[in-house]
Structure formats: C-alpha cells, structure tokens
Amino acid sequence: MDFSLNEHQEMVRDMVRSFAEDRIRPGAGERDVSGEFPFDIIREMGELGLLGMMVPEAYGGADMDVLSYLLAVEELARVDASVAVTMSVTNSVCCWPILTFGTEKQKERYLRPLASGEVIGGFMLTEPSAGSDAASLTTRFRQEDDRYVLNGSKAWITNAGVGRYFVCLATEDPSKRAHGISAFILDAEQPGVIVSRPEEKMGLRSSKTSMVTLEGAEVPLDAMLGERGQGFKIALATLDHSRLGIAAQAIGIAQAALEESVRYARDRRQFGRPLIEHQAIAFRLAEMDTELTAARQLLHHAAWAAGRPGRHSRESARAKLYASEMVNRLVAWAVQIHGGYGFSREYTVERLYREARVTTIYEGTSEVQKMVIARALTTEVT
Ligand SMILES: Cc1cc2nc3c(=O)[nH]c(=O)nc-3n(C[C@H](O)[C@H](O)[C@H](O)COP(=O)(O)OP(=O)(O)OC[C@H]3O[C@@H](n4cnc5c(N)ncnc54)[C@H](O)[C@@H]3O)c2cc1C
C-alpha cells in the first residue's frame with residue numbers, strides 16, 4: 001500500500017501553501033476582526049484554478065482529482081478557515097452537483113464562470129425549521145409557463161450576498177417529504193432573492209453566511225438539476241462529497257493548532273526550562289500529532305473511496321465525524337498549552353479555537369454522521 005502523494009498532488013499542495021502564506025496569512029487576523037470578505041483573494045484563487053478544481057478543462061476547470069482538492073482545502077484552512085470554506089463550498093456543493101447531475105447545457109453555462117472565479121457558488125438546503133431533518137423543508141416550487149417559481153426561507157447560507165449561483169432545494173408538496181423535493185440552479189441576482197444581513201458568527205467571520213428569503217424567485221425550466229423529485233438524492237450525494245471538504249478544513253485548522261503549540265512550547269520557559277521539556281506537554285503534543293495523522297489517513301481513505309464508482313457515504317461520514325471532533329480536542333489543548341496567552345486575541349490559537357467549532361455542526365452534525373455510519377452497519381452486519 002503506497003501512502004505517498006503523487007508528483008501532481010505534491011505540486012498542488014506546495015502551490016496552495018505558498019499562496020496561502022504570501023497572500024492570505026498577512027490579513028487573516030484583521031479580517032477575522034473586521035469580517036471583511038476577501039474578494040481580491042477569491043478572484044486570484046479563481047485565476048489559479050482553485051474554484052473549479054474537479055471541473056474538467058472543457059468547462060474551464062482545473063481537472064484535478066479529489067485528493068488534490070482536499071490538500072488545497074487543508075492548506076487554506078491552515079492559514080484562514082474563512083477562505084477555505086468559501087472555496088470548498090463553491091467547489092463541492094455547487095460545481096460538483098452541477099458537474100455530476102447537470103445537462104451539457106447547464107455545465108457549459110454555469111461551470112465556466114464558477115471555475116474561473118468570475119462568480120462564487122453555494123448551496124441552499126437548510127431552512128429555519130429544517131436542519132438535520134432536511135427532508136422536512138417547506139420552500140415550495142411551482143411551474144408557471146416557461147419557469148419555476150420558488151417561495152420560502154433558507155437559513156445559514158454560506159456565500160449568500162457574495163455568490164451568484166446556488167444549488168437550491170425546494171418541494172412541490174411538503175407532505176411527500178424526500179420524494180417531493182427537486183434541485184434547481186438558482187441565479188441569486190434577481191429581485192425574488194432577498195439576502196438578510198450576514199450572521200454574526202463565532203468564527204469564520206470573513207466568510208459570509210445569511211438567511212435568504214425567496215419571494216417569487218424565478219428559475220428557467222432548463223435550470224432544474226436532475227429529474228423532478230430527485231432533489232433529495234442529489235442533496236445527499238452532494239453532502240457525501242462535500243463532507244470530505246469539511247474534514248479537510250478541520251485537518252488544516254488542527255495542523256495550524258499543532259504548529260502553533262510546538263512553537264510556543266519551544267519558546268516559553270517555566271520552572272527553568274522550555275515547556276516542551278516538561279513531559280506532560282511533550283506527551284500532549286505527541287497525542288495531537290497522532291490524532292491529526294489518524295484523521296488525515298481516514299480522509300485520504302475516504303477520498304480514495306470517492307474516486308471509485310458507487311456511494312461513499314459511510315467513508316465520508318467517518319472522516320468528517322472523526323476530523324471535526326479531533327480538531328475541537330486539539331484546539332482546546334492548543335489553548336491550554338498557551339496558558340493565559342491562548343485566551344488572548346493576539347495569539348492565533350484563539351482564532352483557531354473559534355474556527356474549529358462549527359466543523360461538528362455544518363454539512364451534517366456529528367450526530368447525523370453517526371446516523372449515516374450506524375445505518376450502514378445495520379444493513380451490513382448479518
Ligand atoms: C456557519 C454555517 C454555515 C452553514 N452553511 C450552510 C449552507 O451553505 N447551506 C445550507 O444548506 N446549510 C448551511 N448551514 C446549516 C447547517 O448545515 C445546519 O446548521 C446543520 O445541518 C444542523 O442543522 P440545525 O442547525 O438546524 O440543527 P438541528 O437539526 O436543529 O439540531 C440541533 C441539535 O440536535 C441534534 N439532533 C437533531 N436531530 C437529532 C436526532 N435525530 N438524533 C440525535 N441528535 C439530533 C443535532 O445533531 C444538533 O446537535 C450552515 C450552518 C452554519 C453554522
């Protein structure tokens with residue numbers, strides 16, 4: 001079994017690492033305070049091919065494999081998780097379902113501007129009363145002549161207000177639950193799409209997340225994604241894929257927490273020697289390194305599964321569950337190693353602590369990942 005990255009994957013990782021260090025790190029702390037969205041950086045990332053990483057060249061993308069994409073997410077999150085989530089949402093919950101379920105015309109029309117960074121993408125599934133139980137969504141669609149008309153509210157929509165194309169889920173009859181749901185490619189630049197003020201979030205403060213109200217939002221008939229009534233299946237398959245990106249985000253934050261902790265433990269002296277020479281601290285660092293590596297291996301295994309035919313729900317759920325719980329343990333330890341300074345905004349670990357928190361929540365909470373894994377066990381074990 002060969003665990004090494006190929007030459008191309010190493011090149012992608014190194015390129016993204018140096019871009020993140022040069023262009024993203026300098027303003028990351030300031031943007032965390034101001035909440036300013038980094039339009040320039042996102043545009044440059046589009047030019048580098050980071051917004052349509054798995055989109056074929058024929059539609060203007062970088063045509064890379066899943067693992068290259070995950071390495072890029074990890075490198076971005078290591079420096080600024082807000083930038084990482086903007087990028088991963090565009091790639092995984094917008095480009096990916098259009099690429100996988102879209103018609104030739106849809107791919108040609110929507111993927112090119114998304115992949116180039118000309119426009120940003122997103123995904124509208126969650127509603128104020130439909131979170132983990134996504135099949136209970138109530139945003140309605142109806143057909144009117146040459147278009148569909150959508151009405152309802154979508155909650156917690158990443159990239160709302162800064163993005164243009166969103167894969168949006170709506171139902172023709174809420175009593176049909178999953179069977180009534182269809183997927184649409186919604187152009188948010190229209191009067192029927194009303195974006196509320198961005199949420200004041202604990203972390204990821206320069207990524208934008210808002211409530212979106214759809215009041216007669218129009219979608220052309222040829223912008224339904226997949227077949228009528230297949231929307232929920234599309235959403236679940238999309239989440240199988242996108243959860244890999246959240247795991248990579250968690251791993252990037254954890255990597256940063258470990259690096260910051262090792263540096264601090266080497267520099268800070270107490271009781272006459274560096275912290276790292278106190279065994280309790282050195283052992284903690286060793287545990288952090290081990291947990292981080294376990295999460296990364298689980299993710300790379302899930303990426304391998306994602307590159308094979310068929311569903312990879314369980315592999316993605318495991319990787320997301322473990323990586324997101326792992327990063328929350330690591331950032332708490334990182335703050336502890338920093339002592340009082342870890343509680344100060346002057347130290348990066350304070351931001352990492354806040355950035356990590358959401359990873360066990362979005363794109364399916366840890367409890368939802370456990371449901372996916374347990375369901376697979378129920379059918380597997382005879
Ligand atoms: C920053 C951010 C960005 C987001 N971006 C997007 C986006 O771009 N698009 C989008 O569609 N959504 C987005 N979301 C929404 C996110 O996916 C939901 O918050 C998530 O799915 C959980 O739903 P909820 O918040 O309604 O929690 P709820 O479903 O109300 O759950 C509350 C708690 O109860 C637990 N719970 C629920 N049901 C069960 C059960 N049966 N058994 C055990 N425990 C259970 C949950 O695990 C959780 O701990 C985002 C959220 C955040 C915070």
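**Close-up views of a predicted model**

**View 1. The pairing of strands β1 and β4.** Met 124 has Cys 168 as its bridge partner in β4. As in every view described here, the coordinates come from a predicted model. Strand β1, which covers residues 121-124, is joined by four bridges to strand β4, which covers residues 165-171, and the two strands run parallel. Within β1, Gly 121 and Phe 123 point one way, whereas Gly 122 and Met 124 point the other way, and all of these residues are buried. In a regular strand the side chains alternate between the two faces of the sheet.

**View 2. The surroundings of the ligand.** The ligand is surrounded by 18 residues, and the closest of them are Thr 126, Ser 132, Trp 156, Thr 365 and Glu 367. Phe 123, which is one of the buried residues of strand β1, places a polar backbone atom 2.9 Å from a nitrogen atom of the ligand. Trp 156 also takes part through its backbone, with an N or O atom that lies 2.7 Å from a nitrogen atom of the ligand. In the case of Ser 132, by contrast, the side chain is involved, and an N or O atom in that side chain is 2.6 Å from an oxygen atom of the ligand.

View 3. When the whole structure is searched, one cavity of 30 Å³ or more is found, and the space within the largest cavity comes to about 30 Å³. Its lining is made up of Ala 28, Arg 31, Asp 32, Asp 80, Ser 82, Arg 205, Ser 206, Arg 351 and Glu 355. The elements that give two or more residues to this lining are α1 (7-34) and α9 (348-357), and α1 gives the most, with three residues. Sorted by class, the residues that line the largest cavity comprise six charged, two polar and one nonpolar.

**View 4. Ser 116 in helix α5.** Ser 116 belongs to helix α5, which spans residues 104-116.

Conventions:
Residues numbered from 1 in each chain as written. Predicted model: local features only at pLDDT ≥ 70, side-chain atom pairs only at ≥ 80, totals over all residues. Heavy atoms only, no water. 1 Å grid on protein atoms, 1.4 Å probe; cavity = no way out; pocket = protein on both sides within 12 Å on 5 of 7 lines; lining within 4 Å. Points joined across faces, edges and corners; volume = space filled by probe spheres on them. Nonpolar A, V, L, I, M, F, W, Y, C, P; charged D, E, K, R; others polar. Buried < 20%, exposed > 50% of the residue type's maximum accessible area, 1.4 Å probe, protein only. Pairing = 2+ DSSP bridges. Near = heavy atom within 4 Å. Polar contact = N/O pair within 3.5 Å; in protein donor to acceptor, adjacent residues only side chain to side chain.
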